[in-house]
Amino acid sequence: MMLTGSKVELFTEDLRKEIDQWVAKYPSGQSQSAVIPALHILQDANEGWVSKDIMNALAEYLGMPKIGVYEVATFYSMYELSPVGKHKISVCTNTSCMLNGSEEIVAHLEQRLDVKLGETTADNKFTLKEVECLGACCGAPMLQLDRDYHEYLTTEKLDKILDGIK
Ligand code: FES
């Protein structure tokens with residue numbers, strides 16, 4: 001389902017319910033504390049990304065300044081501000097991963113998918129991203145494929161992972 005336009009009313013009742021469950025976890029008047037999970041909910045409902053209109057509508061819904069939503073959405077690499085492929089591959093290239101071979105992992109992905117970091121494959125199946133530490137340094141080199149972490153990567157392991165995706 002695509003959410004377009006700039007009105008809160010564009011959120012479906014189900015989405016509002018989901019967001020409200022998070023809002024209810026915080027003290028009264030602190031709705032904006034739910035901005036992180038709310039962005040996840042809206043991103044999932046919008047094919048993996050959040051538009052400015054969606055962020056504006058969320059700001060209105062949570063009663064917070066628009067800039068507050070933009071700050072969160074632009075700070076964390078887990079949010080996408082433009083359309084992405086069906087599957088998102090986020091490769092960590094921070095210190096631990098770099099020291100354990102992330103360059104080779106990136107090169108293999110770029111070659112196999114025929115894209116560069118930051119790009120989406122022609123069939124719209126994969127978006128390849130470079131990200132900062134994802135907190136799984138002990139499993140370096142690692143990547144996140146959609147919601148799953150894959151650690152101790154080798155090019156062979158990577159091929160198996162990609163082959164397993166429909
Ligand atoms: S450095 Fe890659 S997960 Fe921490």
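Predicted model: local features only at pLDDT ≥ 70, side-chain atom pairs only at ≥ 80, totals over all residues.

User: In which sense do E1 and E2 pair, and over how many bridges?

Analyst: The general idea: strands of a sheet pair through backbone hydrogen bonds, either parallel or antiparallel. Here two strands count as paired if DSSP finds at least two bridges between them. Strands (E, at least two residues) and helices (H or I, at least four) are DSSP runs, numbered from the N terminus. E1 and E2 pair in the parallel sense, over six bridges.

User: In which sense does E1 pair with E3?

Analyst: Antiparallel, over three bridges. Ser90 stands opposite Gln144 in E3. E3 (residues 143–145) and E4 are also antiparallel, over three bridges. There, Leu145 faces Asp148 of E4.

User: What is the order of the four strands?

Analyst: The order is E2-E1-E3-E4, in an open sheet with mixed pairing. Strand E2 (126–131) and strand E4 (148–150) are the edges; each has a single partner strand, so one side of each lacks a neighbour in the sheet. Neighbouring strands are turned by 25° against each other on average, direction ignored.

User: Which helix packs on this sheet?

Analyst: Helix H6 (residues 102–113) does, touching strand E1 (87–92), E2 and E3. Its direction makes about 155° with that of E1. For such angles, axes are lines fitted to C-alpha atoms, for helices over the stretch in contact, and angles run from 0 to 180 degrees between N-to-C directions. Contact means that C-beta atoms, placed from the backbone, lie within 7 Å.

User: Which residues of H6 are buried?

Analyst: First the cut-offs: a residue is buried if 20 or more other C-beta atoms lie within 10 Å of its own, exposed if 12 or fewer, and partly exposed in between. In H6, Ser102, Ile105, Val106, Leu109 and Leu113 are buried. Seen down the axis of H6, they fall within an arc of 95°, so they line one face of the helix. That arc is taken over the directions from the helix axis to the C-beta atoms. The face turned away from the buried side carries the exposed Ala107 and Gln111.

User: What do the buried residues of H6 pack against?

Analyst: They pack against E1, E2, E3, helix H5 (95–99) and helix H7 (155–163). Just after H6, Asp114 takes a positive phi of about 60°.

User: How is the whole chain divided?

Analyst: Into domain 1 (8–75) and domain 2 (87–163). These bounds come from an automatic or database domain assignment. The C-alpha centres of the two domains lie 28 Å apart. The chain has seven helices and four strands. Along the sequence, the pattern is α-α-α-α-β-α-α-β-β-β-α. Buried residues make up 25% of the 166 residues.

User: Is Ala38 buried or exposed?

Analyst: Buried, with 26 other C-beta atoms within 10 Å. Ala38 is found in helix H2 (residues 35–45). Leaving aside neighbours within four places in sequence, Ala38 is in contact with Ile19, Trp22, Leu58 and Leu62. Ala38 and Leu58 are 20 residues apart along the chain, and their C-alpha atoms are separated by 7.8 Å.

Notes:
Residues numbered from 1 in each chain as written. Contact = placed C-beta atoms within 7 Å.
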